[in-house]
Amino acid sequence: MIFAGPARPPYVETIELVIEAGTLTRRSAPELCARLDALAEASPAEVVVCDVGAVTRPDLGAVEALARLHVTARRRGRRIRLRNPSAALLELLDLSGLLQVLPLGIEAVGEPEHREEALGVQEAVETGDPPV
């Protein structure tokens, strides 16, 4: 008798585009889009994963560059996913309205047990503790 294990999600081939520190700018957008074009030409993958973990001080130029990368990917029939976006980058994307408009998938890297616990949450209450 054969027993099946837990179902695994289907493997999705991706195109990896690593964004180096200081390279997600308005000025570098044409070069990044050309890199994406070349990668998309060489791969049938439908998903482009942009690792933006090195982008620590994003500005509106970074938001514009991501928007241009998104347009380039869509023209090639691909979709963009962001890996390791900083809170500052997500906030800028949200403030600019792109977080709601562009279907940018967000990936967080790391296992759940490595994440920090939410602050202000008590898991157990001792009897006799005063209410907070």
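Student: Where is Val71 placed?
Tutor: Val71 sits in helix α2. Keep in mind that this is a predicted model.

Student: Is Val71 buried, exposed or partly exposed?
Tutor: Val71 is partly exposed, because its relative accessibility is 37%. The buried class needs a value under 20%, and the exposed class one over 50%.

Student: How far apart are Val71 and Cys33?
Tutor: In sequence, 38 residues separate Val71 and Cys33. In space, their C-alpha atoms are 9.1 Å apart.

Student: Back to α2. At what angle do α2 and α3 pack?
Tutor: The angle is about 75°. Helix α2 covers residues 60-75, and helix α3 covers residues 87-96. Their axes lie 10 Å apart.

Student: Which residues make the contact?
Tutor: From α2, Leu60, Val63 and Leu66. From α3, Leu89, Leu92, Leu93 and Ser96.

Student: And how many are nonpolar, polar or charged?
Tutor: The contact of α2 with α3 has 6 nonpolar residues and 1 polar one. No charged residues take part in it.

Student: New topic, strands. Which residues of β1 are on the covered face, and which on the uncovered one?
Tutor: Strand β1 runs over residues 14-18. Ile15 and Leu17 form the covered face. Thr14, Glu16 and Val18 are on the uncovered face.

Student: How many bridges join β1 to β2?
Tutor: There are 5 bridges, and the two strands run parallel. Strand β2 is residues 47-51.

Student: Through what does the chain cross from β1 to β2?
Tutor: Through helix α1, residues 29-42. That β-α-β crossover is right-handed.

Student: How many residues of β2 are buried?
Tutor: 5 of its 5 residues are buried. Both faces of β2 are covered. Val47, Val49 and Asp51 are on one side, with Val48 and Cys50 on the other.

Student: How many bridges join β2 to β3?
Tutor: Again, the count is 5, and β2 and β3 run parallel. Val47 stands opposite Arg79 in β3.

Student: Which unit do β2, α2 and β3 make?
Tutor: A right-handed β-α-β unit.

Student: Now the loops. Where does Val55 lie?
Tutor: Val55 is in the loop between β2 and α2.

Student: Buried or exposed? And why?
Tutor: Val55 is buried, because its relative accessible area is 6%.

Student: What is Val55 in contact with?
Tutor: Leave out its neighbours within four places in sequence. Then Val55 is in contact with Ile19, Leu24 and Ser86. Glu20 is 35 residues from Val55 along the chain, and their C-alpha atoms are 7.1 Å apart.

Student: What about Asn84, what is its phi?
Tutor: The phi of Asn84 is positive, about 60°, although Asn84 is not a glycine. Most residues other than glycine have a negative phi.

Student: And where is the place of Asn84?
Tutor: Asn84 is in the loop between β3 (79-83) and α3. Asn84 counts as partly exposed because its relative accessible area is 30%.

Methods:
Residues numbered from 1 in each chain as written. Predicted model: local features only at pLDDT ≥ 70, side-chain atom pairs only at ≥ 80, totals over all residues. Heavy atoms only, no water. Axes fitted to C-alpha atoms, helices over the stretch in contact; angles between N-to-C directions. Helix = DSSP H or I, 4+ residues; strand = E, 2+ residues; numbered from the N terminus. Contact = heavy atoms within 4.5 Å. Nonpolar A, V, L, I, M, F, W, Y, C, P; charged D, E, K, R; others polar. Buried < 20%, exposed > 50% of the residue type's maximum accessible area, 1.4 Å probe, protein only. Pairing = 2+ DSSP bridges. Right-handed = clockwise from strand over helix to strand, strands pointing away.
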